[in-house]
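Colleague: I would like to learn how to read the inside of a protein model. Please take one feature at a time.

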Amino acid sequence: MTRMAVRIQGVTKRYRLHSERNDSLRERFVRLRSARYEDFWALNGVNVEIARGETFGVIGHNGSGKSTLLKLVAGIHRPTSGTISVNGRVGALLELGAGFHSDLSGRENVYLNAAIHGLSRKYVQERLADIVEFADVEQFFDAPVKVYSSGMVLRLGFAVAVHLNPDILLVDEAISVGDEEFQRKCMDHIHRLRQAGTTIVIVSHSLGLISELCDTVLWLDHGHQRDVGRADSVVQNYLRDVNEGGSAIVATTTEEENAPEPDPHQPSVGTGEIRITGLEYMGAGGEVTTSLLAGESCSLRIHYDAREPMDEIIFGLSFWTETGTRLAGPNSGFDDGAVPVQPGPGFVDFQIDELLLQPAHYRVSVAIVTRLHVVDAIEAGFELVVHPSRAITEPGLIRMMGGWVHGSGDTRY
């Protein structure tokens, strides 16, 4: 048991969904019966062992039981049947602001959370400066949490969860909520925790994030355990099932819909003679889509609005993983593609013969520059979802094109 951080054996979790409610005790007696309900099994027969120091991912569609499982491990709920054994102190970031008292200040909530975990005041004081710096809430640290923005609550919650040195850290989609800078800061800290031997359990819809971070992955489907094993293998099985099941892989927009607008949390920068107004994804047939297919031809259309004429304008794109790794950066200037731009709205397409990105969630940066300065740029302001066009058998985020040639004999030089 000493090598196991978490052991889950035969766990089920049942909720009762009431179809009608008796609002008072009197009403219950008048009706001479209890309110009707039906049983909903959020989890049904889950068996998992998570080793110390392992980064463990949980995937599945909405309503598959992922968050329920984390709440059971955190001790927030109890299983209907089965057992969960946890060996170590748990730090959990499950819901925005969970565990915070809105009338207490940020400082008071930090001490309160530490006390709940059995940590001394001296222990917290030694780490308080790091918590405040990470959360970037120094100006409001002694103000009630109820006046905090959602971003401030998220940053403080994450800072508390990771700086109180948990043996086991539970994270439920929290990383994907903050802005790009905060997400990168979180990922850097999670990598440090991994190196320090912290057990990390992550629930996420981002298969790219799960593939990059996790050693082992559990796939839940309507509360049932479909698969558990190496991250690359389980993710591939999940994608194959999504593809073969005929799920809505590509959602085509209607003609009335406009190009996706930039993320408001990623402000544009530059001199502003031209502004980026949107980025569209187009499939092999030229149709506008909300996602692209791996291995298929496609285009990315940059929409802009020019306030004045300009000569030799260069357009650029950058593709990033959700953990902040740049994968590619095509630029029209590399091919002497600088073009003049006239006042008014316009667009430029980047055409891809075969999309080499593997199925995952990515971020896309868009830039408009001259050879001397930045006109407009939006860093990682657009989300790109890549779905499989067939069963995926290769690990990684990029598909390497090529063929294998078999020979015999010694061909070394």
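Modeller: Accessible areas are computed by the Shrake-Rupley method with a 1.4 Å probe, and for residues only the protein chains shown count as cover. The chain here has an accessible surface of about 21,900 Å², and carbon and sulfur atoms own 49% of that. This is a predicted model, in which local features need pLDDT of at least 70 and side-chain atom pairs count only at pLDDT 80 or more, while totals for chains, interfaces and linings use all residues. Residues are numbered from 1 along each chain as its sequence is written, and side-chain values use heavy atoms, with hydrogens and water left out.

Colleague: What share of the 413 residues is buried?

Modeller: Buried means under 20% relative accessible area, exposed means over 50%, and partly exposed lies in between (1.4 Å probe, protein chains only). Buried residues are 45% of the 413 in this chain.

Colleague: How many helices and strands are there?

Modeller: Both are DSSP runs numbered from the N terminus: helices are H or I with at least four residues, strands are E with at least two. The chain has eight helices and 19 strands. A contact means heavy atoms within 4.5 Å. Of the contacts with a separation of 6 or more, 72% are between residues 24 or more positions apart.

Colleague: How do I read a nonpolar core, and which residues have the most contacts inside the largest one?

Modeller: In soluble globular proteins, nonpolar side chains tend to be buried together. A nonpolar core is a set of buried Ala, Val, Leu, Ile, Met, Phe, Trp, Tyr and Cys residues joined through side-chain atoms within 4.5 Å. The largest one here has 51 residues, and Ile59, Val110, Leu156 and Phe158 have the most contacts inside it. Helix 5, residues 150-163, gives the most to this core, with nine residues. A second, separate core has 30 residues, among them Ile276, Leu317, Leu355 and Ile368.

Colleague: What is Ile59 in contact with, leaving aside its neighbours within four places in sequence?

Modeller: The partners of Ile59 on that basis include Lys66, Ser204, Leu218, Trp219 and Tyr238.

Colleague: Why does Asn113 count as buried?

Modeller: Asn113 counts as buried because its relative accessibility is 11%. This residue sits in helix 3, residues 106-116. Apart from neighbours within four places in sequence, Asn113 is in contact with Gly99, Phe100 and Val160. Helix 4 (121-135) and helix 5 are among what covers the buried residues of helix 3.
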